[in-house]
Amino acid sequence: MMLAKTVKITTLAILLGGLLGGCDNSTPFGIRVSRIGEVKGNWEKYSTVYLEGQVRKRVPFLDSSAYLLEDDSGNIWVVTTATPPNEGQPVMIKGQVKYQSIPISGQELGEVYILEQKQIEQKQSEQKPPQ
């Protein structure tokens, strides 16, 4: 009886360890963060994603704005109606993957972008000390 209980507990611990340990690109919140290069390269298989990166550029529009989010795999434009993060600021977002078709002279020059749903986390950018 005691042996069966020990086996069950050990099996459960191994399964949970495998499930929790097998999640790649997860945050402490348990959110799976996608890589920008993967999203841009296979945008059809994504609908909603979590991305993390650093803001490189900001562009204002009339009722919204956009910012270029970059990680070590690439960059992508994020359109938002909220106040965009500052250039150089690290941020994690949740957003919908969108594609804007731009056919020109028989060529498809469309662009994948993210429609921001929520800014999950803004981190303070690390300032390098003056040299």
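## A walk through a predicted protein chain

Of the 131 residues in the protein chain, 24% count as buried. Keep in mind that this is a predicted model. The accessible surface of the protein chain comes to about 9300 Å², and carbon and sulfur atoms hold 55% of that surface.

What does the chain's secondary structure come to? You'll find two helices and seven strands. If you read along the sequence, the pattern goes α-α-β-β-β-β-β-β-β. As for contacts in the protein chain with a separation of 6 or more, 52% of them are between residues 24 or more positions apart.

### Strand β1 and its partners

Let's start with strand β1, which covers residues 48–60. Seven bridges join β1 to strand β4 (residues 90–100), and the two run antiparallel. To find one of these spots, look for glycine 53: its bridge partner in β4 is valine 91.

Strand β1 also pairs with strand β2, residues 65–71. Here there are six bridges, again with an antiparallel arrangement. A hairpin of four residues links β1 to β2. Proline 60 has serine 65 as its bridge partner in β2.

Is serine 65 buried or exposed? Its relative accessibility is 7%, so serine 65 counts as buried. Setting aside residues up to four places away in sequence, serine 65 touches Val59, Pro60, Val78, Val79, Thr80, Ala82 and Pro84.

### A buried isoleucine

Now hop over to strand β7, residues 111–122, where isoleucine 114 sits. Isoleucine 114 is buried because its relative accessible area is 0%, and the cut-off for buried is under 20%. Which residues is isoleucine 114 in contact with, leaving aside its neighbours within four places in sequence? Among them are Val39, Val49, Leu51, Ile76, Trp77, Ile93 and Val97. Take leucine 51 from that group: isoleucine 114 and leucine 51 are 63 residues apart in sequence, yet their C-alpha atoms are 9.5 Å apart in space.

### Salt bridges

Side chains of opposite charge can pair when their charged atoms come close.

| Lysine 45 | Glutamate 38 | 3.5 Å |

Arginine 56 belongs to strand β1 and glutamate 70 to strand β2, so the pair ties together parts that are 14 residues apart in sequence. Arginine 56 has a relative accessible area of 37%, so arginine 56 is partly exposed. Glutamate 70 is also partly exposed, with 28%.

That leaves the pair of lysine 45 and glutamate 38. Lysine 45 is exposed, with a relative accessible area of 59%, while glutamate 38 counts as partly exposed at 32%.

### One aromatic pair

A pair of aromatic rings is described by the distance of the centres and the angle of the planes. By this rule, the count for the structure is one aromatic pair. Why does the pair of tryptophan 43 and tyrosine 99 count as stacked? Their ring centres are 4.5 Å apart and their planes are at 5 degrees, so the pair is stacked; the cut-off for stacked is under 30 degrees. Tryptophan 43 lies in the loop between α2 (36–41) and β1, and tyrosine 99 lies in strand β4, so the pair ties together parts that are 56 residues apart in sequence. Tryptophan 43 is partly exposed, with a relative accessible area of 27%, and tyrosine 99 counts as partly exposed at 29%.

### A nonpolar patch

Last stop: the surface. Ile102, Ile104 and Leu109 form a nonpolar patch there, with about 240 Å² of accessible area together. Where is isoleucine 102? Look in the loop between β4 and β5 (103–104). With 33% relative accessibility, isoleucine 102 counts as partly exposed.

Technical notes: Residues are numbered from 1 along each chain as its sequence is written. This is a predicted model: local features need pLDDT of at least 70, side-chain atom pairs count only at pLDDT 80 or more; totals for chains, interfaces and linings use all residues. Side-chain values use heavy atoms; hydrogens and water are left out. Two strands pair if DSSP finds at least two bridges between them. Patches are made of residues with over 30% relative accessible area and no salt bridge: like charges are joined within 9 Å, nonpolar side chains (Val, Leu, Ile, Met, Phe, Trp, Tyr) within 5 Å. Accessible areas come from the Shrake-Rupley method with a 1.4 Å probe; for residues, only the protein chains shown count as cover. A salt bridge is a side-chain nitrogen of Lys or Arg within 4 Å of a carboxyl oxygen of Asp or Glu. Buried means under 20% relative accessible area, exposed over 50%, partly exposed in between (1.4 Å probe, protein chains only). Rings of Phe, Tyr and Trp (its six-membered ring) pair if their centres lie within 6.5 Å; planes under 30 degrees apart count as stacked, over 60 as edge-to-face and the rest as tilted. Contact means heavy atoms within 4.5 Å.
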